[in-house]
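Hello,

Here is the structure we talked about handing over. Please open it first, then read the notes below.

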Amino acid sequence: MKFSLKRKGTLEKEETFQEMMKKEGELIEFLDVKKRNIPEGYAEVEYYPLKPPFSYGAIVQNEDTLEYLYILDELSLTRDEREGYFRLRNILEYELQAPAEEETLTESLKRQMPIILNNHQKVFKGISQVGMRKILYYLERDIVGYGKIDPLMYDDYIEDIGCSGVNKPIFLWHRKYENIRTNILFQDEQELDDFIMRIVHKAGKHVSIAFPIVDVTLPKKHRLAVSFGKETTPSGTAFTIRKFREDPFTIIDLIENETINESIAAYLWLLMENKMSVTIIGATGAGKTTALNAIACLIRPNHKIVSVEEVAEINLPHENWTSTIARSGFGVEGEGEITLYDLIKSAVRHRPDLIIVGEIRGEEAYVLFQALATGHGGLCTLHAEDVDTTIKRLTQPPMNIPSSIIPLMNCVITVRHVRTPIFLESGRRLSSRKFISVSEIRDANNVQEVFSWNPSTDIFQEELSESYLLKKTASSLDIPMEKLLDELEYRKRVLIHMAERSIRDYRSVNIVLSKYYNNPQLFQREFLEKPKW
């Protein structure tokens, strides 16, 4: 089938559908993208693209209550376009084939769509070229995307998307506006259930009234938690999607966001190099997994890493990295289940330099500590408020770690989502994450803080000269403590240099570390004399 781009917008036989797709930039001028669907009584605060020219996000504020609201502003279909959408969707149900090997759903749809359209050109007679682009946008959104919430997945400011049931507005956790209500809701119980079943099945899992609680990893490593039907949630199916960035935060991002300073980053770099074990603690949503990924990027590039998780959230640039995921059992008896306990036991046999555990909360903690005792380094997260609570959780059921081996967990980092109390604010301030303390574990009753964050001054205070782990490292390397502190200062300069030149994505950070380890003398000369990588 051939089309032409004309002001009237009718489809004519002049250019192929493939060529039409390439002219999206020209089509934008036809689309009414400047229209703001702002409800009455609200003032616009921000307006930014999600998947232009079809969808935009608007932050608006109620003029009376000053409450913020997130508006999903999508280009709507006309009546003729809506009819064309349903006709094409019906055709696709019969003719769309399964993706080829190693082909994504999106790639498969885009490959097959021109052929299907060419075979059914009479069906869309009278629909403009702009209308076809809109129809294709909605089809891609609903078939291979996340339906009505799909545009939200393109918003980098959004961390969580949560639905509490039918006829309840979807809420977001927005990096700038925190918990914020949207104009999106599922009005029909069947629509919500079908939506959940579709995306759960797409992830290769099963959900039903018999098995209503599901926790799965979606494409691009987003995490979905579901309570299906009314068995556990009286208002109907509820879900939360924890979004993860395609470009993960690195240690440089943490420095630039003032989550840590360069001293903490250099200190953690030394710990990772010397296979120390680190536990990251904090409440839900504090940023533990983000911190875990960022610190793991400091691991020596040629070290062997095995990660153990229930759902895939760890993302590393290391080539010598084996990712392992727990598996639920089959049927009522749960046969074939593979637990974190099983995976950590297996990980030790792979002879890793470091074992990374997404989260410990049960008997797998004991196996991890046994691995640490044999000289493996370790990184993990744990839900706990402070170091004392962490030690109590570790030494009590179901973890049951003997107090005598608690020091195998060398360092505990407390991460917290902090915000100035409303009565102290002079104006609206963005919330942030902080490493509020970095503590070294001498024994179960002796904990030493080497870094702490002062909330009144927003400054990190340090006691590195008394660091037990640095003294232990200096002793094992047979070098004076002063030499190690000098190296710490040098690494601070390297990290500052990277931050100043925006060397921040996880692959670029890995390349810098690789150069540092493979030829330290050349690296130092280039760093001091020609500061380019």
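This is a predicted model: local features need pLDDT of at least 70, side-chain atom pairs count only at pLDDT 80 or more; totals for chains, interfaces and linings use all residues.

Where does glycine 329 sit? Its place is the loop between β14 (321–325) and α10 (340–349). Threonine 339 is 10 residues from glycine 329 in sequence. In space, the two C-alpha atoms are 9.4 Å apart.

Next, glutamine 112. This residue belongs to helix α4, residues 105–119. Is glutamine 112 buried or exposed? It counts as buried, because its relative accessibility is 6% and the cut-off for buried is under 20%. Its side chain reaches the backbone nitrogen of glutamine 97 at 2.8 Å. Leaving aside residues up to four places away in sequence, glutamine 112 touches Glu95, Leu96, Gln97 and Ala98.

Last, a pair of helices. Helix α13 covers residues 468–477, and helix α14 covers residues 481–500. Their axes come within 9 Å and cross at roughly 110°. That makes α13 roughly perpendicular to α14, because angles of 65 to 115 degrees count as such. The crossing of α13 past α14 is right-handed.

Which residues meet there? From α13 come Leu470, Lys471, Thr473 and Ala474. From α14 come Met481, Leu484, Leu485 and Leu488. The residues of this contact divide into six nonpolar, one polar and one charged.

Best wishes

Definitions and conventions
Residues are numbered from 1 along each chain as its sequence is written. Side-chain values use heavy atoms; hydrogens and water are left out. Helices (H or I, at least four residues) and strands (E, at least two) are DSSP runs, numbered from the N terminus. Buried means under 20% relative accessible area, exposed over 50%, partly exposed in between (1.4 Å probe, protein chains only). A polar contact is a pair of N or O atoms within 3.5 Å; within protein, one must be able to donate a hydrogen and the other to accept it, and residues adjacent in sequence count only if both atoms are side-chain atoms. Contact means heavy atoms within 4.5 Å. Axes are lines fitted to C-alpha atoms, for helices over the stretch in contact, and angles run from 0 to 180 degrees between N-to-C directions. Angles under 35 degrees count as roughly parallel, over 145 as roughly antiparallel, 65 to 115 as roughly perpendicular and the rest as oblique. A crossing is left-handed if the near helix is turned anticlockwise from the far one by less than a right angle, and right-handed if clockwise. Ala, Val, Leu, Ile, Met, Phe, Trp, Tyr, Cys and Pro count as nonpolar, Asp, Glu, Lys and Arg as charged, and the others, Gly among them, as polar.
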